[in-house]
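This briefing concerns the ligand sites and selected side-chain contacts of one structure. Please read it with the sequence and the coordinates at hand.

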Amino acid sequence: MINLREALKVYFIMGTANCMKDPIEVLKEAIAGGITFFQFREKGKEALIGEEKYALAKKLQSQCKEHRIPFIVNDDIELAIRLNADGVHIGQEDEPAETVRRQIGDSKILGVSVHTPEEAEGALSAGADYFGIGPVFPTKTKADAKPSRGTALIEELRSQGIAVPIVGIGGITSENAATVVEAGADGVSVITAISLADSPLLAAKALRKSVGERGNHEKNV
Ligand SMILES: Cc1ncc(COP(=O)(O)OP(=O)(O)O)c(N)n1
Ligand SMILES: Cc1ncsc1CCOP(=O)(O)O
Ligand SMILES: [Mg+2]
């Protein structure tokens, strides 16, 4: 059984569209730099599909397994089930969270993106294990992302006593990560801060340092 709050500290998300070099190499460096959670998000320009997508996912999953890093699949529930992944991440435009929870069962991790207190309530009743909240800062990585809203929702949910693990997402770097955990998030999820860094290893290391011990809501209250 993993401690989800701890595991969410430095949550790296990646697919082929986010990399300038081999994703296997990028993940290898990110792991060496200290990422604590990984999401395979294969979408966008020239995204792999079918057996090619499966083959890459399988390789990335085995890298994660070797280092005991939870491996989460974005959007594609069928792929997550086929791989016996540790969990899935879905948003408000994806399949309903209740349906996904039923499909993957109670032992798997279910992450849900939320943008309002109402969505947060719905996600909790559907059985979400953690929330992804953002974009916190402007991002160019997700073309259909909502406008950035800072850390307001994270603070609001914490002030309502909602204790579910939370990660901030969107435009997060080692320079601004501390403000996200200070607002009440347990960790930060990033794509380009690691995937496009000259050194994914050093980028992951810097994020780990910025989140530090502050990335634990239970200790902050
Ligand atoms: C940790 C985390 N938080 C939010 C998202 C965004 O999910 P979604 O809104 O479904 O958008 P896509 O990523 O599917 O384009 C995420 N993937 N991970
Ligand atoms: C998937 C997603 N959901 C909200 S913002 C975002 C993109 C985050 O990418 P980056 O860390 O490069 O800003
Ligand atoms: Mg989605």
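**Ligand sites and side-chain contacts**

Of the 17 residues around ligand 1, Arg41, Lys43, Asp94, Ser113 and Lys142 come nearest; a residue counts as near a molecule or strand if one of its heavy atoms lies within 4 Å of it. The model is predicted: local features need pLDDT of at least 70, side-chain atom pairs count only at pLDDT 80 or more, and totals for chains, interfaces and linings use all residues. Residues are numbered from 1 along each chain as its sequence is written, chains are lettered from A and ligands numbered from 1 in the order in which they are written, and side-chain values use heavy atoms, with hydrogens and water left out.

**Ligand 1**

- The side chain of Gln39 places a polar atom 3.0 Å from a nitrogen atom of ligand 1. Polar contacts are pairs of N or O atoms within 3.5 Å; within protein, one must be able to donate a hydrogen and the other to accept it, and residues adjacent in sequence count only if both atoms are side-chain atoms.
- An N or O atom in the side chain of Asn74 is 3.3 Å from an oxygen atom of ligand 1, and for the side chain of Ser113 the corresponding distance to an oxygen atom of the ligand is 2.9 Å.
- The protein buries 93% of the 420 Å² that ligand 1 exposes when taken alone (Shrake-Rupley method with a 1.4 Å probe; for residues, only the protein chains shown count as cover).
- Strands β1 (10-14), β4 and β7 (166-169) each supply at least two residues of the shell around ligand 1. Strands (E, at least two residues) and helices (H or I, at least four) are DSSP runs, numbered from the N terminus.

**Ligand 2**

- The residues around ligand 2 are Arg41, Thr139, Thr141, Lys142, Ile169, Gly170, Gly171, Val190, Ile191 and Thr192.
- Polar side-chain atoms of Thr139 and Thr192 each lie 2.6 Å from an oxygen atom of ligand 2, while a polar backbone atom of Ile191 is 2.9 Å from an oxygen atom of this ligand.
- Of the 380 Å² of accessible area that ligand 2 has on its own, the protein covers 91%.

**Magnesium ion (ligand 3)**

- Asp75 (OD) and Asp94 (OD) are the protein donors of the magnesium ion, 2.1 to 2.2 Å from it. Donors are N, O and S atoms within 2.8 Å of the metal (3.2 Å for Na, K and Ca); water is not among the atoms, so sites may look incomplete.
- Because Asp75 lies in the loop between β3 (71-74) and α4 (77-83) and Asp94 in the loop between β4 (87-90) and α5 (97-104), the pair ties together parts that are 19 residues apart in sequence.
- Asp75 is partly exposed at a relative accessible area of 24%, and Asp94 is partly exposed at 28% (buried is under 20%, exposed over 50% and partly exposed in between, with a 1.4 Å probe and protein chains only).

- Asp186 lies in the loop between α8 (177-182) and β8 (187-190) and is buried, at 0% relative accessibility.
- The side chains of Asp186 and Arg158 make a polar contact at 2.9 Å.
- Ser125, in helix α6 (residues 117-126), is exposed with a relative accessible area of 66%.
- The side chain of Ser125 reaches the backbone oxygen of Glu121 at 2.8 Å.
- The C-alpha atoms of Ser125 and Ala97 are separated by 9.2 Å, and the two residues are 28 residues apart along the chain.
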